[in-house]
Amino acid sequence: MKTILGAAFAVALAASTSLSAHAADYEWKFQSSDNSGTPTFEIDQEWTKRVEEMTNGRIKIELLPVGSIVEHAETQDAIAAGILDGHITDVSYFSGKDPAFSLIANPIGAWADPQQMFRFINYGGGKELMNKLEEPYGLHFIGAITPGLEAFVSSVPLNGVADLKGLKVRAPEGMVQEVFAAAGAAPVNIPQSEVYTSLDKKVIDAADATVYATNSAMGLNDIAKHPVYPGFHSMPLVEVSMNKEKWDALPKDLQEILTVSVRDLSQDLVARLQMKDREAVAKDQAKGDIQITNWSDEERAKFRAIAMKQWQKVAERSDNAKEVYETLTKYLKAQGLLK
């Protein structure tokens, strides 16, 4: 009898232990600004699985593609309202709330590689600025990621700044559009999910979309056969943020795990997308019908000079934008990145 009872107890204990190991203390829905099936979305999904493993199942995050619950520019409000728990998205989408979002999200021409931006965010005052901007809207900024220096999608040959004149180009909200307008282009505000259709129907001539590999995965280079790579224009700050009340309620160990996991994701995403970029470029070059252009240093410098004038204009529009400008330029000068 004792043996039978002991065996039964052991089975019950094992079942209880297994159940507790798989029962999440926190189950969240995050929405991405990327389409499902793209390399970026898939790598971000892997992050959610790592978080579950690192927390021994205490946190489970369901990552949804763009537009699943709300539109791409509405996730911030949805998080504050409790409709979503968090998001992985381009900070530029919230430029209408404060021009400071525009400047910190994509100071066009500032970054030559992702590590420059990560150092600014993690050690140069960027993370503190992001939380100062987001906390009034009910969000906590966990960390920054980026797909890297983006390629530029174009249906027509682009050899330099002069070729941007009159170009109908998709660009995200805020300063990115203003920089292209200052360069003579005609920016159009459409979500990334509509870029393919808009190029195909010739609503736009070109697009600030994302990195080369993801552009290729979405079929953009197949219909717009004159990409510029490496890109000259954009390295977006993509935030991983969540509801502030829910963040504040987390135990310190889980806060630290999330922070470190996002820092790891930032490196993972950049490295793997750079590998995919090189593979996609080689494949397109071998096909022969896609004409890849690499701008000269002189043309890149011209575009950066146009962009820097827009930084100053944005800085005049709010106290927060001024603080972002001052913190950003101080960092760039100290690092020898701004003359």
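**A walk from a loop to a pocket**

Let's start at Pro230, which sits in the loop between α10 (220–223) and β9 (238–243); helices (H or I, at least four residues) and strands (E, at least two) are DSSP runs numbered from the N terminus. The peptide bond leading from Tyr229 into Pro230 is cis, with omega near -10°. This is a predicted model, where local features need pLDDT of at least 70, side-chain atom pairs count only at pLDDT 80 or more, and totals for chains, interfaces and linings use all residues. Residues are numbered from 1 along each chain as its sequence is written, and side-chain values use heavy atoms, with hydrogens and water left out.

Another loop, between α2 and β2 (59–64), holds Asn56. Asn56 is not a glycine, yet its phi is positive, about 55°.

Now for the pocket. The residues lining the largest pocket are ten nonpolar (Ala, Val, Leu, Ile, Met, Phe, Trp, Tyr, Cys and Pro), three charged (Asp, Glu, Lys and Arg) and six polar (the others, Gly among them). A pocket here is an open set of points on a 1 Å grid over the protein atoms alone, where a 1.4 Å probe fits, with protein on both sides within 12 Å along at least five of seven lines; lining residues have an atom within 4 Å of a point. Helix α13 (residues 297–315) gives the largest share of this lining, five residues. Where does the largest pocket lie? Domain 1 (26–147 + 235–278) and domain 2 (151–234 + 290–335) both contribute to its lining, so the largest pocket lies between them; the bounds come from an automatic or database domain assignment.
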